[in-house]
Amino acid sequence: MPAQQHASIYQQMGGAEGVRTFVETFCQTIETTEVGRPVLLLHLRGHGMAHARMEQFNFFSGLFGGPRLYAEKWGHSNVRQIHAHVQLGEAEVTAWLSCMAITLDKLDYPAALKQQLMDNFTPMARLLINQ
């Protein structure tokens with residue numbers, strides 16, 4: 001078996017720098033595309049995109065098998081609890097998933113990794129619908 005099959009998503013993405021590139025690409029997609037506008041507006045009503053970049057890096061680092069930075073900082077990494085204060089409907093979740101798909105298309109990941117990520121993101125995002 002190839003060693004990469006045993007590597008965490010964090011390792012497959014290139015460690016901390018890879019996760020940082022992933023988050024930066026995702027945030028740029030949110031900020032610069034029409035499809036990202038509903039997600040951008042949510043962040044602008046909150047703590048802003050600089051805060052989102054930092055916390056997404058912390059969250060995704062742990063989610064992908066790297067250091068659990070978000071949980072160390074906040075005591076948990078429960079995605080529903082993180083977003084409980086945000087009104088999320090189908091439109092926002094669809095926009096987020098569309099931005100994620102665009103992001104993954106921009107990054108040079110193997111097709112299997114892109115599929116694995118979307119297979120995990122889709123049900124996770126749908127759990128957040130509260131409107």
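## Phe60 and Phe64

In this predicted model, Phe60 counts as buried because its relative accessibility is 4%. Phe64 is likewise buried, with a relative accessible area of 4%. The ring centres of Phe60 and Phe64 are 5.3 Å apart and the planes meet at 10 degrees, so this pair is classed as stacked.

Apart from neighbours within four places in sequence, Phe64 is in contact with Ser8, Ile9, Tyr10, Met13, Val19, Phe22, Leu117 and Phe121.

## Aromatic pairs

Across the whole structure, 11 aromatic pairs are found. One of them joins Phe59 and Tyr70 in an edge-to-face arrangement, with 6.1 Å from centre to centre and 85 degrees between the planes. Phe59 belongs to helix α4 and Tyr70 to helix α5 (residues 69-74), so the pair ties together parts that are 11 residues apart in sequence. Both Phe59 and Tyr70 are buried.

Ring pairs also connect residues into a cluster made up of Phe22, Phe26, Phe59, Phe60, Phe64, Tyr70, Trp74, Trp96 and Phe121.

## Nonpolar core

The largest nonpolar core comprises 39 residues, and those with the most contacts inside it are Phe22, Phe60, Phe64, Trp96, Met100 and Phe121. Two or more residues each come from α1 (9-12), α2 (15-32), α3 (37-45), α4 (49-63), α6 (79-82), α7 (90-106) and α8 (111-126). The greatest contribution is that of α7, which supplies 7 residues. In soluble globular proteins, nonpolar side chains tend to be buried together.

## Thr29 and its surroundings

Thr29 is located in helix α2 and counts as buried because its relative accessibility is 0%. Its side chain makes a polar contact of 3.3 Å with the side chain of Lys106. When residues up to four places away in sequence are not counted, Thr29 touches Gly36, Cys99, Ile102, Thr103 and Lys106.

## Cysteines

The structure contains 0 disulfides. Cys27 takes part in none, and the nearest cysteine sulfur to it, that of Cys99, is 9.8 Å away. For Cys99, in turn, the nearest cysteine sulfur is that of Cys27. Cys27 counts as buried because its relative accessibility is 0%, and Cys99 is buried at 0% relative accessibility.

## Confidence

The average pLDDT of the protein is 94, and 96% of the residues score at least 70. Confidence is lowest in α6, where the mean is 94, and highest in α2, at 98. Where pLDDT is low, the predicted coordinates should not be read in detail.

Note on methods:
Residues numbered from 1 in each chain as written. Predicted model: local features only at pLDDT ≥ 70, side-chain atom pairs only at ≥ 80, totals over all residues. Heavy atoms only, no water. Core = buried A, V, L, I, M, F, W, Y, C linked by side-chain atoms within 4.5 Å. Buried < 20%, exposed > 50% of the residue type's maximum accessible area, 1.4 Å probe, protein only. Helix = DSSP H or I, 4+ residues; strand = E, 2+ residues; numbered from the N terminus. Contact = heavy atoms within 4.5 Å. pLDDT = per-residue confidence, 0-100. Polar contact = N/O pair within 3.5 Å; in protein donor to acceptor, adjacent residues only side chain to side chain. Disulfide = S-S within 2.5 Å. Phe/Tyr/Trp six-rings, centres within 6.5 Å; stacked < 30°, edge-to-face > 60°.
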